[in-house]
Amino acid sequence: MRVLVVGSGGREHALVWSIAASPLATEIYCAPGNAGIAEDAICVPIQATDVEGLVAFAQKERIDLVVIGPEASLAAGLADALEKEGLLAFGPSAKATEIESSKGYMKDLCTRIGVPTAAYKRFNDREKAAAYIREEGAPIVVKADGLAAGKGVVVAQTVEEALKALDACFDGSFGDAGAEVVIEECLEGEEVSFFALVDGDHALPFSSAQDHKRAFDGDKGPNTGGMGAYSPAPVMTEEMTETVMSTIVRPIVEAMKEEGRPFKGTLFAGLMMTVDGPKVIEFNARFGDPETQAILPRLRSDFLPALVVAAEGGLKHFDLRWKTESCLTVVMAAKGYPGAYQKGTVIRNVELANAIRGVTVFHAGTVQTDNDLLSAGGRVLAVTGEGSDFREARERAYAGVEAIDWEDGFWRSDIGHRALK
């Protein structure tokens, strides 16, 4: 099969890496890709939101399957455009992607069909939203309605912090994504990322992970796109997995089908495990980053057929096998992230990290020059360790981090602290 993966981050590197292990993959392309992806695929200089360019490339190269990584590509209608031309795509339509691209739509859908989620209200008026925050008090959660690259959510511990987050939304910090806000109660419990493959009719549990959103140790600092993850999430027992599938995933899949926006691709449920059971914090319409880097090394089955079956239909009679090992991923980011940061700094010794047993380095924001590997983003590398248990996986991941020489990077030293407890 000739496969095109769309995107340039650590998630896409993990997708390419896993697809490259399939004997069915005869040629793999990635648009636009990065320096690490170039080791497993042919990178083509087409941006992930250039729908017309990507469709033309897929037609020209007779691509059998397009795997869409970023949410922005999905929201731009890439899957719709590919389907219109008779090309097979793994990823939902733009209408189905609204489960992620509009938090208000997601909350309304959950409430209408009885899927457990936090109490909330939607606002497009700053003063009314501010009055509601003052009335409810803190802690409280303020969310930009649209896509904000994982940075449009503030869990405010004080009313003043919540009002500041509100101002950021309405003052344009997140562009059009902040034109409307969702304000919801702050749930307490353990957070879990749960993934399912969906073919429009049926959903297959994929795996779980736990992400670390805050920039600094001890879960301090601003929210980021994710500073590390580990898989599987210890709280996701077989019994809890079935509870999530029966009370959350399957009802959402059925409701979206009835609405005329069937979901095909990866349904990513961000859950809070409360004393009253799992509740939905958010849905995403694609694989997570950095969760994917911690999940895919655990997959024993061939990944490519799973993607094809989800895109074509037929998951009802499909299954996957998983390793018993654990994985843990540490993100190495440019100093200053998620704020302003410098690009073009030199990174050395990634090959030494990859040479450590059980370690794989996924590139998230890199570019290769004639002589050097350079940083090209905020989150730059994702170092994954695989081990017989969490402790071994963690030791290997951090051994990989220490092997890399990058003066201008930083990382958290406590990824996996919940699992160790």
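This is a predicted model: local features need pLDDT of at least 70, side-chain atom pairs count only at pLDDT 80 or more; totals for chains, interfaces and linings use all residues.

Q: What does the secondary structure of the protein chain come to?
A: It comes to 14 helices and 23 strands.

Q: Why does the radius of gyration agree with a compact globule?
A: Compare it with the value for a globule of that length. With 421 residues, a compact globule would have a radius of gyration near 22 Å, and the protein chain has 20 Å, so the two agree. Buried residues make up 57% of the 421 residues.

Q: How do I read the faces of strand E14?
A: In a regular strand, side chains alternate between the two faces of the sheet. Now take E14, residues 228–231. Gly228 and Tyr230 lie on one side, Ala229 and Ser231 on the other, and all are buried.

Q: Which strands are joined to E14?
A: Strand E11 (residues 203–211) is joined to E14 by two bridges, and they run antiparallel. Here Asp211 stands opposite Ala229. Strand E17 (residues 326–334) is joined to E14 by four bridges, also antiparallel. Here Tyr230 stands opposite Leu328.

Q: Is helix H11 mostly covered or mostly uncovered?
A: An α-helix has 3.6 residues a turn, so residues three or four places apart point the same way. H11 (residues 303–312) is mostly covered, with eight of its 10 residues buried. Among them are Phe303, Leu307 and Ala311.

Q: What caps the N-terminal end of H11, and what follows the helix?
A: Asp302 is the cap: one of its side-chain oxygens lies 3.1 Å from the backbone nitrogen of Leu304. Gly313 follows H11, with a positive phi near 105°.

Note on methods
Residues are numbered from 1 along each chain as its sequence is written. Side-chain values use heavy atoms; hydrogens and water are left out. Buried means under 20% relative accessible area, exposed over 50%, partly exposed in between (1.4 Å probe, protein chains only). Two strands pair if DSSP finds at least two bridges between them. A polar contact is a pair of N or O atoms within 3.5 Å; within protein, one must be able to donate a hydrogen and the other to accept it, and residues adjacent in sequence count only if both atoms are side-chain atoms. The radius of gyration is taken over C-alpha atoms; the globule rule is 2.2 Å times the number of residues to the power 0.38.
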